[in-house]
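Hello,

Here is the structure I promised to hand over. My notes follow below it.

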Amino acid sequence: MKKIYFCASLALAALFLFFLAKRLARGYFWDSPLTRISTVLADVQGDDEPELVAISRTLGLTPYGFHGKSLLVLEDESSWGFHRIISEFDIEEAKPLKVMAGDVNRDGSNEVSVMVYKTAEFHPVFALRPFFFNVSRGKLEAVWLGSRLSQPFVEYFLLDVNGDGFEEIVALEETRESYLIASYSWESFGFVCDARSEELSLKSIAPILSEDGFGRILADLGTEGTQEFFLDHDKIIPVPGNQ
Ligand SMILES: [Ca+2]
Ligand SMILES: [Ca+2]
Ligand SMILES: [Ca+2]
């Protein structure tokens, strides 16, 4: 009896491996924490249906964690976690760490933003840099490959902080002794800084989507808890009474 169970398990395992190999060979990507480091669900092809955009995992390390290899545009629908690959771009050389999406240049279609860790021609040291691409035509088209923002940053995300329906960059920047939050919006051919906070001792920031369309920023103050911030004209200030 034991022998029958063993053979049945073996057959099932073989069937699963066969299925796995078949799906992989046919251009599918298995989305799991083992295979990717970052994903975002957004319409990046301009058909009002979302795609799953992912960065596949490598074992290459940066000071900010493992970096990825490929930028993948995947069908949102999956079967057992397998998504059909629409496009795949090898960006390992740029050491990609995080993928985001938003319509930063206000042209009606979402850009894909990849936070990378690399050197730049006029700033030849490794640092985090914000890259923006258009992938709607099945190619990786550079929209803006930023060598830096105003100051070195430790993280950024895309969020509509001024309520105009389009995303801005919100970054946690390093100053000489502490940090500050800064927001940037698109102007003609690049980003300009719209607002900054006071210097703060922050651990990290996260986006909060708000029903009124004005995104807020949740700051982790460590032992002092959290504090929400918002854009007020040319300043990023704490939401009153929200600590
Ligand atoms: Ca789409
Ligand atoms: Ca756009
Ligand atoms: Ca906006």
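Start with the two domains: their C-alpha centres, for domain 1 and domain 2, lie 22 Å apart. The domain assignment puts domain 1 at 27-147 and domain 2 at 149-243. These bounds come from an automatic or database domain assignment.

A word on the basis. This is a predicted model, where local features need pLDDT of at least 70, side-chain atom pairs count only at pLDDT 80 or more, and totals for chains, interfaces and linings use all residues. Residues are numbered from 1 along each chain as its sequence is written, while chains are lettered from A and ligands numbered from 1 in the order in which they are written.

Now the contact between the domains. 13 residues of domain 1 touch 11 residues of domain 2 (contact: C-beta atoms, placed from the backbone, within 7 Å). On the domain 1 side, strand 6 (96-102), strand 7 (111-120) and strand 8 (123-134) each supply at least two residues. Strands are DSSP runs of E, at least two residues long, numbered from the N terminus. Strand 8 gives the most, with 3 residues.

Five strands form an open sheet in the order 1-5-4-3-2, with antiparallel pairing (a pair needs at least two DSSP bridges). Strand 1 (28-30) and strand 2 (36-42) are at the edges with a single partner strand each, so one side of each has no neighbour in the sheet. Strand 1 pairs with strand 5 (residues 82-90) over 3 bridges, in the antiparallel sense. Within that strand 5, His83 is the bridge partner of Phe29.

Best wishes

Notes
Helix = DSSP H or I, 4+ residues; strand = E, 2+ residues; numbered from the N terminus. Contact = placed C-beta atoms within 7 Å.
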